[in-house]
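Please keep the sequence and the structure in view while reading.

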Amino acid sequence: MNATAQRPVDRWFASYSGDHRNDTNQRIHVFAVPAILWTVIALLWCIPVFGTWVKSGVWAALAMFAAWMYYYKLSRPLGLGMLAIFIAMAWLTRWLEAALGIQNLFFLALGVFVVAWIAQFIGHKIEGRKPSFLTDITYLLIGPVWVLSKFYRKMGWKY
């Protein structure tokens with residue numbers, strides 16, 4: 001398949017993979033990207049909701065739904081995989097909120113966010129390439145689905 005016939009998801013992955021060739025950087029991303037994804041969900045979860053109609057987590061749910069729509073449009077199989085990941089991360093976040101309280105959830109998510117981003121930048125220092133999102137912010141959305149696509153390929157699943 002030539003470059004002009006590729007699906008958009010394949011073009012995104014080809015470009016993203018070009019900035020992630022080093023094995024160590026890729027291994028760091030496999031752990032740090034999902035951690036960052038969870039922290040964004042958890043931090044959005046912590047944004048106060050006023051009124052009685054909705055509960056905490058509504059902002060996270062809206063963001064996950066918007067991201068899921070984007071992923072589903074890129075690739076249905078990957079979109080379904082990301083839906084499962086979003087559901088699992090929402091359940092985890094809800095459980096942590098119940099166990100720790102909203103304030104401690106916020107601080108936990110903030111700490112994980114900082115550590116995961118430090119790991120990301122260390123990986124890119126090892127790689128010798130700047131993070132992809134510095135050239136196009138869309139790559140912040142591509143990272144999680146790129147990691148998922150690596151899992152799909154390892155399992156022999158088409159995306």
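## Contacts and overall fold

Two residues are in contact when heavy atoms of theirs lie within 4.5 Å. The model examined here is predicted. Among the contacts in the protein with a separation of 6 or more, 72% are made by residues 24 or more positions apart.

The protein contains 6 helices and 0 strands. Along the sequence, this gives the pattern α-α-α-α-α-α.

## Dimensions

How do the dimensions agree with those of a compact globule? For 159 residues, such a globule would have a radius of gyration near 15 Å, and the 17 Å of the protein agrees with this. Taken along the principal axes, the box filled by the C-alpha atoms is roughly 55 × 35 × 30 Å.

Of the 159 residues in the protein, 38% are buried. The largest nonpolar core has 33 residues, and those with the most contacts inside this core are Phe 13, Leu 78, Phe 86 and Ile 142. Two or more residues of this core come from each of these elements: helix H1 (8-18), helix H2 (23-45), helix H3 (58-74), helix H4 (76-100), helix H5 (102-127) and helix H6 (139-155). The largest share, 7 residues, is supplied by H6.

Which residues are in contact with Ile 142, leaving aside its neighbours within four places in sequence? They are Trp 12, Phe 13, Tyr 16, Tyr 70 and Leu 74. One of these partners, Phe 13, is also listed with Ile 142 among the residues with the most contacts inside the largest core.

There is also a second, separate core, which has 5 residues. Its members include Ala 32, Ile 36, Ala 116 and Trp 117.

## Surface and charge

The protein exposes about 9,500 Å², and carbon and sulfur atoms supply 70% of this area. Its charged side chains comprise 15 positive and 6 negative ones. The centres of these two sets lie 5 Å apart.

## A closer look at Lys 73

Lys 73 is a residue of helix H3. Is this side chain's residue, Lys 73, buried or exposed? Lys 73 has a relative accessible area of 75%, and a residue counts as exposed when this value is over 50%; Lys 73 is therefore exposed.

Lys 73 can also be placed relative to Val 9, which is 64 residues away along the chain. The C-alpha atoms of Lys 73 and Val 9 are separated by 9.2 Å.

Notes:
Residues numbered from 1 in each chain as written. Predicted model: local features only at pLDDT ≥ 70, side-chain atom pairs only at ≥ 80, totals over all residues. Heavy atoms only, no water. Core = buried A, V, L, I, M, F, W, Y, C linked by side-chain atoms within 4.5 Å. Buried < 20%, exposed > 50% of the residue type's maximum accessible area, 1.4 Å probe, protein only. Helix = DSSP H or I, 4+ residues; strand = E, 2+ residues; numbered from the N terminus. Rg over C-alpha atoms; globule rule 2.2 N^0.38 Å. Areas by Shrake-Rupley, 256 points an atom, 1.4 Å probe, with all protein chains shown as cover. Lys, Arg positive; Asp, Glu negative; His and termini not counted. Charge placed at Lys NZ, Arg CZ, Asp CG, Glu CD.
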